[in-house]
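Colleague: Could you walk me through this one? I'd like to talk about helix packing and then about the pockets.

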Amino acid sequence: MEKIVIIGPPGAGKTTLAKELGRMLKMKVFHLDRLFWQRGWKGKTRDTRIDILQGLVREKRWIIEGTYLSSSEPRLEAADTIIFLDIPPLLCLQRVIKRHFNYHGLSRRDIPEGCTDKLTLRRMWKVLTFPLDGRRTIKQKLRNYMSKRIIWLRSDKKVEEFLAQQEQDANDKRQPFFDRTRFQCLCKRLYQCW
């Protein structure tokens with residue numbers, strides 16, 4: 001996994017997963033909320049968003065988190081791995097509400113400077129209705145990228161299992177082929193052969 005896209009509804013845990021994967025895999029993480037908005041939640045145009053994405057995907061290794069389906073093609077085409085967090089809407093809503101109260105009036109690293117978390121009826125409705133529209137759109141889009149590695153995580157347990165496997169894989173890669181014990185065993189065998 002060298003180029004990873006994480007998509008899903010608001011509150012699914014995209015930012016948290018991206019941060020954990022970035023730490024484990026030693027990869028740079030890009031938060032689309034931070035890149036696609038300006039101070040005061042003033043949105044950038046679709047063309048500007050596409051330009052931003054085209055610049056990001058030129059990087060050698062990355063994790064890009066955020067759904068933004070209307071401007072998803074550059075990153076989905078460039079990715080080798082697409083992770084879809086298909087978390088139940090009531091859990092997502094609970095997280096959005098909790099995040100609002102935890103960060104109310106405070107800035108977060110994954111959103112633009114000068115913006116704070118907002119909780120509106122429209123946002124809550126969007127979270128609850130995501131399975132009816134957003135999920136269907138994502139499933140349709142993913143059909144175009146079947147040659148990619150698509151990871152579909154439908155629960156917190158599956159996310160935890162996925163992260164545990166990535167941690168294990170990362171640790172295995174860091175383990176030197178010849179540690180001290182293996183080296184000593186090899187030396188003994190070579191000595192016995194003489």
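Modeller: Before we start on the packing, contact here means heavy atoms within 4.5 Å. Please also keep in mind that this is a predicted model.

Colleague: Okay, then which residues of H5 and H6 meet?

Modeller: From H5 the residues are Pro-89, Leu-90, Cys-92, Leu-93, Val-96, Ile-97 and Arg-99, and they meet Arg-123, Met-124, Val-127 and Leu-128 in H6. By class, that contact has nine nonpolar, no polar and two charged residues.

Colleague: And at what angle do H5 and H6 pack?

Modeller: The angle is about 155°, and the axes of the two helices are 8 Å apart. Because angles over 145 degrees count as roughly antiparallel, H5 is described as roughly antiparallel to H6.

Colleague: What about H1 and H8, are they roughly parallel or roughly antiparallel?

Modeller: Their axes come within 10 Å and cross at roughly 15°, and H1 and H8 are therefore roughly parallel to each other. The contact is made by Leu-17, Glu-20, Leu-21, Arg-23 and Met-24 on the H1 side, and by Val-159, Phe-162, Leu-163, Gln-166, Glu-167, Ala-170 and Arg-174 on the H8 side. Sorted by class, the residues of this contact are seven nonpolar, one polar and four charged.

Colleague: Which hand is the crossing of H1 and H8, left or right?

Modeller: H1 passes H8 in a right-handed crossing, and H5 likewise passes H6 in a right-handed crossing.

Colleague: Switching to pockets, how much space lies in the largest pocket?

Modeller: About 1400 Å³ of space lies there. The largest pocket is lined by 46 residues, and the closest to its centre are Pro-10, Gly-11, Asp-33, Arg-99 and Arg-123. The elements giving two or more residues to that lining are H1, H2, H5, H6 and H8.

Colleague: How many charged residues are in that lining of the largest pocket?

Modeller: There are 19 charged residues in the lining of the largest pocket, together with 16 nonpolar and eleven polar ones.

Colleague: And the second largest pocket, which element gives the most to its lining?

Modeller: That is H8, with six residues, while H1 and H8 each supply at least two residues of the lining. The second largest pocket holds about 220 Å³ of space, and its lining residues include Met-1, Glu-2, Met-24, Arg-61, Gln-166, Ala-170 and Arg-174. Of these, Met-24, Gln-166, Ala-170 and Arg-174 also take part in the contact between H1 and H8.

Colleague: How does the lining of that second pocket divide by class?

Modeller: The lining of the second largest pocket divides into four nonpolar, two polar and six charged residues.

Note on methods:
Residues are numbered from 1 along each chain as its sequence is written. This is a predicted model: local features need pLDDT of at least 70, side-chain atom pairs count only at pLDDT 80 or more; totals for chains, interfaces and linings use all residues. Side-chain values use heavy atoms; hydrogens and water are left out. On a 1 Å grid over the protein atoms alone, a cavity is a set of points where a 1.4 Å probe fits but cannot get out, and a pocket is an open set with protein on both sides within 12 Å along at least five of seven lines; lining residues have an atom within 4 Å of a point. Grid points are joined across faces, edges and corners, and a volume is the space filled by probe spheres set on the points. Helices (H or I, at least four residues) and strands (E, at least two) are DSSP runs, numbered from the N terminus. Ala, Val, Leu, Ile, Met, Phe, Trp, Tyr, Cys and Pro count as nonpolar, Asp, Glu, Lys and Arg as charged, and the others, Gly among them, as polar. Axes are lines fitted to C-alpha atoms, for helices over the stretch in contact, and angles run from 0 to 180 degrees between N-to-C directions. Angles under 35 degrees count as roughly parallel, over 145 as roughly antiparallel, 65 to 115 as roughly perpendicular and the rest as oblique. A crossing is left-handed if the near helix is turned anticlockwise from the far one by less than a right angle, and right-handed if clockwise.
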